[in-house]
Structure formats: structure tokens, C-alpha cells
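Subject: Structure handover

Hello,

Here is the structure I promised you. Please open it and keep it on screen while you read.

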Amino acid sequence: MNTPICDFVRDYREREALRLHMPGHKGRVLLGPEPMDITEIPGADVLYHARGLIRESEENAASLFGSARTFYSAEGSSLCIRAMLQLSLLYARLRGLPPRVAAGRNAHRVFLEAAALLDLELRWIGCGPSLLSCVPTLSELEALFSDPESAPAAVYLTSPDYLGNCLDLAPYAELCRRHGALLLVDNAHGAYLKFLSPSKHPLDQGADLCCDSAHKTLPVLTGGAWLHLSHSCPKELLPMAEQALALFASTSPSYLILQSLDAVNPLLAGAYPGRIRETAAKVEALKASLRTGGWTLYGQEPLKLCLLPKPFGYTGEDLAVLLQGAGIVAEFSDPDHLVLMFTPENTEAELRRLESFLLSLPRLPAIQTTPPPLPTPQSVLSPREALLSPFETLPAERCLGRILATPCVGCPPAVPIAVCGERLGTEALALFGYYGIEELDVVL
């Protein structure tokens with residue numbers, strides 16, 4: 001499989017042209033990659049209006065994933081999520097439907113912010129079992145579809161979620177298709193799922209649109225991502241996808257990231273999927289060893305390890321500090337979870353090092369504290385009204401009864417505790433306190 005973007009930039013570098021164009025470093029080295037860092041010069045094609053070498057590279061990626069079209073993002077899955085919601089808005093207008101989206105409550109804050117900017121009407125589904133994981137039931141979705149006042153034009157699900165839980169998407173896809181709704185999937189953490197045997201990728205489970213963060217689980221530079229439109233996606237949306245991306249994207253995309261996306265294609269067409277499957281088997285063996293050693297695990301994602309450390313006597317935050325002291329840096333921790341991510345770039349020796357450290361820790365008395373219950377949503381303003389309102393920042397304990405203006409959560413995990421426009425009750429404030437969020441933005 002060829003690499004047209006990489007080939008063009010390599011040739012441009014070797015020609016040693018006088019660079020009287022952006023970027024300002026002119027190809028001269030400060031950090032190292034500058035000679036390969038270009039802008040949209042003649043011949044380099046234009047991202048989001050790709051008709052040349054970028055389009056050729058995107059078609060290579062589409063052939064790997066089996067999509068109708070695959071588009072590159074140099075701004076992560078965040079950009080792809082915004083574009084998916086814009087396409088769902090266009091779909092609703094084409095079909096004469098209300099611009100309404102039903103979404104799992106554990107959606108990334110980018111989803112909420114994009115929905116606010118696009119003035120989409122939201123219906124939350126699958127609230128619980130925890131803040132970071134939810135499993136919407138088919139019956140609650142069926143109930144939404146049965147009422148014209150709540151029927152969505154699109155359903156948005158996150159799978160895998162941040163803790164490694166994977167939904168069986170096929171029943172949701174069948175339900176959406178039966179009711180003429182789009183199924184959108186945030187697969188930011190699961191790009192590699194395509195290369196398992198059998199594939200567990202959303203496209204192969206019936207999703208109409210999905211995003212993959214290539215950089216999270218594959219050897220791609222940070223910011224590289226894909227937006228996939230499946231063969232089941234309405235054909236009239238395909239020519240609108242580039243503009244949906246361009247609506248939110250920078251007009252100065254990183255060609256370093258584009259080269260990285262281009263360069264991974266021949267890897268994925270070659271031996272790399274075999275390495276993914278081998279690594280998944282090694283991680284499964286690691287998980288089995290840790291279970292035998294008394295650790296409690298959570299989630300089903302093959303290349304993610306989520307520990308529930310409290311039964312072993314540690315909080316996730318305590319365990320992350322201990323790991324860091326041993327030179328091992330976790331992806332994420334909170335009071336109840338510790339998340340570790342693996343790829344084929346992690347050696348077997350590194351897995352053994354982690355295993356040895358965890359099994360060497362003394363077991364302490366179990367920690368019995370649990371998170372406060374999830375708040376009961378009380379929506380007062382739409383997310384758009386709240387997010388675009390003037391706000392003030394106050395200590396959380398002074399926000400009882402106030403209306404939340406911004407999500408007020410960082411990334412990771414970027415899952416809102418309360419949604420913009422909701423009135424803050426004691427349950428929400430308790431949950432903010434539990435996760436160490438001390439200040440909130442509330443509507444003036």
C-alpha cells in the first residue's frame with residue numbers, strides 16, 4: 001500500500017526548495033521534525049477538500065476499514081464528533097425531522113459542547129450504572145421512538161467507554177435502521193478493534209458513522225483520527241462530510257499528523273494486525289494473573305486494563321502514585337479506578353514489569369467508600385442557552401440551586417457530572433466534591 005502524503009513531503013524536503021511560505025521555521029531544525037512540516041503548498045492537496053494525494057491516502061484507509069468513505073482529522077476524534085453531529089443535523093433536515101439526538105449519558109464533553117453550538121435537542125439514555133459507563137436499554141430507546149415528541153433523528157453511543165466497557169452495537173443498529181435514525185458511535189478508544197479476529201469495530205456492527213482516535217491505540221502521532229461513513233450511511237451525507245469537518249476545523253492542519261496517518265496504512269495492511277492480536281493475548285494472560293493475585297478487574301476491552309483497587313486496599317489515585325514511583329505511568333485514575341492502556345509497542349518485558357509490581361504490593365484492608373449516587377437531572381435551560389450565557393465561577397459549595405453553565409470537568413475522562421443547563425442539587429454537588437472539582441461555572 002502506498003504512502004502518497006509521506007512521499008510528497010519527503011520529495012519536497014530533498015529538493016531543498018526556498019520556503020517562502022508558512023510555517024515560520026522554514027524547515028530549519030529546532031526540535032527535529034521541522035523539515036517534514038509543511039503547509040498546503042501546491043501539490044500537497046487540501047484537507048477537507050481533498051482531491052489529490054490526501055484523498056488517495058484516505059481511500060487507502062477506507063479500504064482497510066471497509067468504509068464507504070474515511071476522512072482524516074488532524075484534530076483528534078473531537079473534530080470528528082463535531083462533524084458527526086453536524087451530519088446528523090443535516091440528516092434531520094433532509095428528512096424533515098426534529099434535530100434531536102438520543103445519547104448515552106457518558107458522552108464526552110465535546111459531544112455536549114458541539115450539540116450546544118448546533119442547537120441540537122438532546123435526550124439522555126442509559127444513565128448509570130456509573131458516571132463513566134452506561135448501557136442504554138433497547139426498551140428505553142424503543143419508547144423514545146414510539147413518541148413523536150421524543151423520537152431522535154440519531155442515536156449516539158460511546159463504545160468502548162473510558163473504563164473499557166464495550167457495547168454489543170448490532171441490536172442498536174438494527175433498532176435505529178428500523179426507525180430511520182442514524183447510529184453514531186464514539187469509538188475513540190477502539191480503532192484497533194477492526195484488526196482483531198473477528199473484528200469488533202462499530203462499522204462491522206452496523207454503525208452509520210463513527211470516529212476512531214488513531215493516536216490512542218495505534219502508532220500515530222497525537223491528534224491523528226478518522227471519521228468513517230459506512231456503506232449503510234445515507235448516500236446524500238457523503239458529499240457533505242468534508243464541509244462538516246471544515247466547519248469546526250483549523251485551516252492549518254498539521255502535515256506531520258497527516259503523514260503519520262498516511263504511514264500507518266501500510267502497517268495495518270501488513271503484519272501489524274497480527275501483532276495487535278498477539279498483544280491482546282498477552283494482556284489477557286496478564287489479566288488472568290492479576291485476578292489470581294486477588295485484583296478486581298473491570299471492562300472487556302482487550303488492550304485496556306481497568307483495575308478496581310479498593311477491594312485490594314488502595315484508591316485508584318493511591319495506586320497511580322505508587323506506580324509512578326516505580327516509573328510506570330497510568331492513563332487515568334480516580335478514587336475507584338485505575339486505567340492502563342497497551343499496544344504492540346509495549347514489550348512483553350514491560351507487561352511482566354507491571355505484573356511483578358502489582359503482585360508485589362501488600363494487600364490492605366478493603367476500602368468501603370463508594371461514589372455518591374448519580375444526580376437526578378433537572379433541566380432548566382437548553383445546553384445551548386446555558387453554554388452561551390454569561391457565567392460566574394464560584395466554590396462548588398455555594399452553587400446549590402444554581403444552573404450549570406459549562407461542563408467543569410477535565411480530560412480525562414471528560415464525562416460531564418452534570419449537563420449545562422441543569423440545576424445543581426445536593427447529589428450533583430456531592431459528586432463534584434467526590435471527584436475533587438472545587439469550582440463551578442454557573443449562569444448569572
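Start with the hairpin. β8 and β9 form it, with five residues between them. In the turn sits Gly 299, which has a positive phi of about 85°. Bear in mind that this is a predicted model.

Now look at the pairing itself. β8 and β9 (residues 304–308) run antiparallel, joined by three bridges. Leu 297 stands opposite Leu 307 of β9. Tyr 298 faces Cys 306, also in β9. β9 is joined to β11 as well, by four bridges, and these two strands run antiparallel. There, Leu 305 has Leu 340 of β11 as its bridge partner.

Why is β9 described as largely enclosed by the rest of the structure? Because four of its five residues are buried.

**The seven-stranded sheet**

Next, find the other open sheet I want you to see. Seven strands form it, in the order β1-β7-β6-β5-β4-β2-β3. The pairing here is mixed. The edge strands are β1 and β3 (121–125), each pairing on one side only. On average, neighbouring strands are turned by 20° against each other, direction ignored.

Zoom in on β6 (residues 209–212) and β7 (residues 225–229). These two pair in the antiparallel sense over four bridges. Asp 212 stands opposite Trp 226 of β7.

Two helices pack on this sheet. α3 touches β1, β2 (100–104), β4 (154–158), β5 (182–186), β6 and β7. Its direction makes about 170° with that of β6. Helix α4 (residues 109–118) touches β2, β3 and β4. The direction of α4 makes about 150° with that of β3.

**The cores**

In soluble globular proteins, nonpolar side chains tend to be buried together. How many residues does the largest nonpolar core have here? It has 122. Tyr 156, Trp 226, Trp 295 and Leu 358 have the most contacts inside it. Helix α3 (residues 76–95) gives the largest share, 10 residues. There is also a second, separate core of 24 residues, which includes Tyr 162, Cys 399, Cys 408 and Phe 432.

Go back to the start of the chain. Helix α1 (residues 4–15) has 12 residues. From first C-alpha to last, α1 reaches 17 Å, close to the 16 Å expected at 1.5 Å a residue. Which residues of α1 are buried? They are Pro 4, Ile 5, Cys 6, Phe 8, Val 9 and Tyr 12. What covers them includes α2 (53–65), β1 (69–73) and α9 (255–269). After α1 comes Glu 16, with a positive phi near 55°.

Leu 30 lies in the loop between α1 and α2. Is Leu 30 buried or exposed? It is exposed, because its relative accessible area is 75%, and the cut-off for exposed is over 50%. The C-alpha atoms of Leu 30 and Thr 347 are separated by 31 Å, and the two residues are 317 apart along the chain.

**The cysteines**

A disulfide is a covalent bond between the sulfur atoms of two cysteines. This structure holds zero disulfides. Cys 210 is in none: the nearest cysteine sulfur, in Cys 211, is 6.8 Å away. Cys 210 is buried, with a relative accessible area of 0%.

Best wishes

Terms used
Residues numbered from 1 in each chain as written. Predicted model: local features only at pLDDT ≥ 70, side-chain atom pairs only at ≥ 80, totals over all residues. Heavy atoms only, no water. Expected span 1.5 Å × (residues − 1). Buried < 20%, exposed > 50% of the residue type's maximum accessible area, 1.4 Å probe, protein only. Contact = heavy atoms within 4.5 Å. Disulfide = S-S within 2.5 Å. Pairing = 2+ DSSP bridges. Core = buried A, V, L, I, M, F, W, Y, C linked by side-chain atoms within 4.5 Å. Axes fitted to C-alpha atoms, helices over the stretch in contact; angles between N-to-C directions.
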